[in-house]
Amino acid sequence: DAVFVTPAAMFAEVVGVTIELSDGYRVQGPSFEYLPAVRVYSLHPTIGNVGAALAVSVSGEGFEERSSCWRSDVMERLPTTFVSTTMLHCSVYIEEANSVTVEVATADSELISSDGAVIQGVKEMSLDGIFPSVGGELSAHSITVYGSNFVDSKWLMCRFGKSTPTMARFVSSTGVVCSAPPMRASNVSVSLSLNEAQYTVE
């Protein structure tokens, strides 16, 4: 038996292998296939609640129908749906308020990405109240939401009833300012989200 180190290749291709012995005699060996590199470019969302499963879209390249997402910190294969060679949908359960690294592997696990895409686990936000709690109909209002475990995230959003979510302004871990859109006179629930997927209701 002999072990050989393959040189790096610029492209995915099949190449012939020639073995040259010490006496100059050459033997034509089997072909070797360079596969496309598996890369992870981004995840969305990148933040999720502890104690809950989070649906994540994984963007990258080199994905196959039998590719799967992996949690590299515990080497656990995750439920995965193939969308395209550049997109997978995965479900990630977050146990602790810590970072979770997601990679992608081919079906036989011969190729695994090493890009270190991270999801941050956080405690679920809790809403205690809002001020003011009333406002004129068909007018926009600035509302302060009080609670706990608020996080300064670029995806921090408020939603009033079933209206389109709006960006929120982080003040502190216990306070967020939301812009209530113009609406007809009615009672509506107020909810916050850090990732456009998991909302908590007042």
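R39 is partly exposed, with a relative accessibility of 35%. The model it belongs to is a predicted one. R39 forms a salt bridge with D115, and the closest N and O atoms of the two are 2.8 Å apart. Because R39 lies in strand β5 (residues 39-44) and D115 in the loop between β12 (99-105) and β13 (117-122), the pair ties together parts that are 76 residues apart in sequence. D115, too, is partly exposed, at a relative accessible area of 27%.

The count of salt bridges in the model is three. Another of them joins D73 to R71, with 2.6 Å between the closest N and O atoms. D73 is partly exposed, at 42% relative accessibility.

R71 also forms a salt bridge with E95, where the closest N and O atoms are 2.7 Å apart. This pair links distant parts of the chain: R71 is in strand β8 (residues 68-71) and E95 is in the loop between β11 (87-94) and β12, 24 residues apart. E95 counts as partly exposed, at 43% relative accessibility. Together, R71, D73 and E95 are linked in a network of salt bridges.

The largest pocket holds about 440 Å³. It is lined by 22 residues, and those closest to its centre are S133, V134, G135, S186 and V188. What kinds of residues make up the lining of the largest pocket? There are 12 nonpolar, seven polar and three charged residues.

Notes
Residues are numbered from 1 along each chain as its sequence is written. This is a predicted model: local features need pLDDT of at least 70, side-chain atom pairs count only at pLDDT 80 or more; totals for chains, interfaces and linings use all residues. Side-chain values use heavy atoms; hydrogens and water are left out. On a 1 Å grid over the protein atoms alone, a cavity is a set of points where a 1.4 Å probe fits but cannot get out, and a pocket is an open set with protein on both sides within 12 Å along at least five of seven lines; lining residues have an atom within 4 Å of a point. Grid points are joined across faces, edges and corners, and a volume is the space filled by probe spheres set on the points. Ala, Val, Leu, Ile, Met, Phe, Trp, Tyr, Cys and Pro count as nonpolar, Asp, Glu, Lys and Arg as charged, and the others, Gly among them, as polar. A salt bridge is a side-chain nitrogen of Lys or Arg within 4 Å of a carboxyl oxygen of Asp or Glu. Helices (H or I, at least four residues) and strands (E, at least two) are DSSP runs, numbered from the N terminus. Buried means under 20% relative accessible area, exposed over 50%, partly exposed in between (1.4 Å probe, protein chains only).
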